[in-house]
Amino acid sequence: MSAHPDVEAVIGLEVHAELLTRAKIFCGCSAAFGGPPNTNVCPVCLGMPGMLPVLNRRVVEFAIRAGLATSCRIAERSRFARKNYFYPDLPKGYQISQYELPICIGGRIEILVDGEPRTVGLTRIHMEEDTGKNIHDAHGDASLVDFNRSGVPLLEVVSEPDMRTVEEAGAYLRTLRSILQYLEICDGNMEEGSFRCDANVSVRPRGTTALGTKAEVKNMNSFRAVERALEHEISRQTDLVQHGERVAQETRLWDADRERTRSMRSKESAHDYRYFPEPDLLPLEVCEEWVAEIRAGLPELPDARRERFVREYGLPTYDAEVLTARKDVADYFEAAVRAHANPKAISNWVMGDLLRLIRDRKLDTALVIRDWPVAPAHLATLVRLIDDDTISGKIAKTVFERMLESGQTPERIVAEQGLGQVTDTSAIDAAIASVLAANADKVAEYRGGKDKLFGFFVGQVMKATQGKANPQKVNDLLRQRLAG
Ligand SMILES: [Zn+2]
């Protein structure tokens, strides 16, 4: 991004994370994604008059988990509030959220940007209900509403305006998603909308501390979209400021097709929503014992796991960072290392071949990898076959491809397809003899002092053996024969 030397950006992010509870936040309806429209609904989540919300305890537990994992203070007493506004996907005319007394206060997330640690502060984490979903008819003459999502529990995670670059914002989002996935409270699927991000962006002269007027950018449904939208918005505002114009306080929508943001509406302030305490729910009191119990049940988080991978497996920090970003990938790696203790080699396979596969097959949006094509024990065996010289690293790539297609064990693939390494001296010698006979002129040149030709001979012999000859043996025997 072409950052202007005299202007710096100030970025704060608001993330809405749908929680993986079975039921909705204030009724017993299923909170599952999908399903035929308007099938997971009842009078409560349809907003019928006179219906009373009942708070789902699991939602509170998940909110506390998120708060503890991000060093927030858990409020002993918090309260739900009504956020009043009209929209067709909100039949009650208000959303039940938290306002002046959220459940989690303060907190921070440690991020790595190019290997450098940074801290991003959190303002708060609060609970609220999701709205329904408007579906605009393809012909443009009707709008439909699906209320299956109405009442699905959300955590809103609000950061401090602590980020200055697009890279920091990207690292923050990825880290937050990773933490929520490790906690198993959100699947982090941006495309299905279970992890959504709005960005508050302003710019100011570098070296000043007052905040400029901010615009809120919405409608980004991938990490890539967030990064592109931020780049665009920062340069748009920088241009305005450079030309002495004012940045308007407004909400802007990211248009992914045109790669630009456009004004949606002037930004409302909190008082426009006329928040007031939700009269149908008691203030929420959380006892210390319960918080302690939840704390004791927290899993190892990505940060700690990354450090342990460096310490325990002797991996470079970069490997540890990539492997631990997703819990399922980290679990996979550890299962493979348990089967064959060569962490660095297994790390190379996971980071290279498996993660590429995840990207290519678009498995990277789900929390748990379905259709994971190669079992960890099979990958471990493949690395063992290389380590004990049964196959060469080159042939291993072929075996890996076959494992993907067939799901068979590497031993069986190697045996059935005759891919084992040729270590038999006479077979390699025969190949060398025919290569040397066919290239008598080059042999003469080599013996005349053109050492560089050695690589050529190695290549020819490997080709003659379909890549299966043991490279060390080829080298040794070739040297002997060429020494003549
Ligand atoms: Zn319901």
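Predicted model: local features only at pLDDT ≥ 70, side-chain atom pairs only at ≥ 80, totals over all residues.
**View 1. Four cysteines hold the zinc ion.**
Take a look at the metal site: the protein donors are the SG atoms of Cys27, Cys29, Cys42 and Cys45, sitting 2.3 to 2.4 Å from the zinc ion. Seen from the zinc ion, the four donor atoms subtend angles of 101 to 114°, so the arrangement is tetrahedral. Along the chain, the donors follow the spacing C-x1-C-x12-C-x2-C. Cys27 and Cys45 both come from the loop between β1 (7-18) and α1 (57-69), so this pair ties together parts that are 18 residues apart in sequence. As for accessibility, Cys27 has a relative value of 14%, and because buried means under 20%, it counts as buried. Cys45 is at 6% relative accessibility, so it counts as buried too.

**View 2. Three strands make an open sheet.**
Reading across the sheet, the order is β5-β4-β16, and the pairing is antiparallel. β5 (94-98) and β16 (276-277) are the edge strands; each has a single partner strand, so one side of each is left without a neighbour in the sheet. Zoom in on β4 (residues 80-84) and β16, and you'll find antiparallel pairing over two bridges. Here Ala81 stands opposite Pro277 of β16.

Ser78 belongs to strand β3, which covers residues 77-78.

**View 3. Ala320 is a buried residue in helix α6.**
You'll find Ala320 in α6, the helix made of residues 317-324. Its relative accessibility comes out at 0%, so Ala320 counts as buried. Which residues does Ala320 contact, apart from its neighbours within four places in sequence? Those are Arg306, Phe309 and Val310. For a sense of distance, the C-alpha atoms of Ala320 and Arg305 are separated by 8.2 Å, with the two residues 15 apart along the chain.

Key:
Residues numbered from 1 in each chain as written. Heavy atoms only, no water. Pairing = 2+ DSSP bridges. Helix = DSSP H or I, 4+ residues; strand = E, 2+ residues; numbered from the N terminus. Donors = N, O, S within 2.8 Å, 3.2 Å for Na, K, Ca; no water. Tetrahedral: all angles 85-135°; square planar, octahedral: opposite > 155°, others 65-115°. Buried < 20%, exposed > 50% of the residue type's maximum accessible area, 1.4 Å probe, protein only. Contact = heavy atoms within 4.5 Å.
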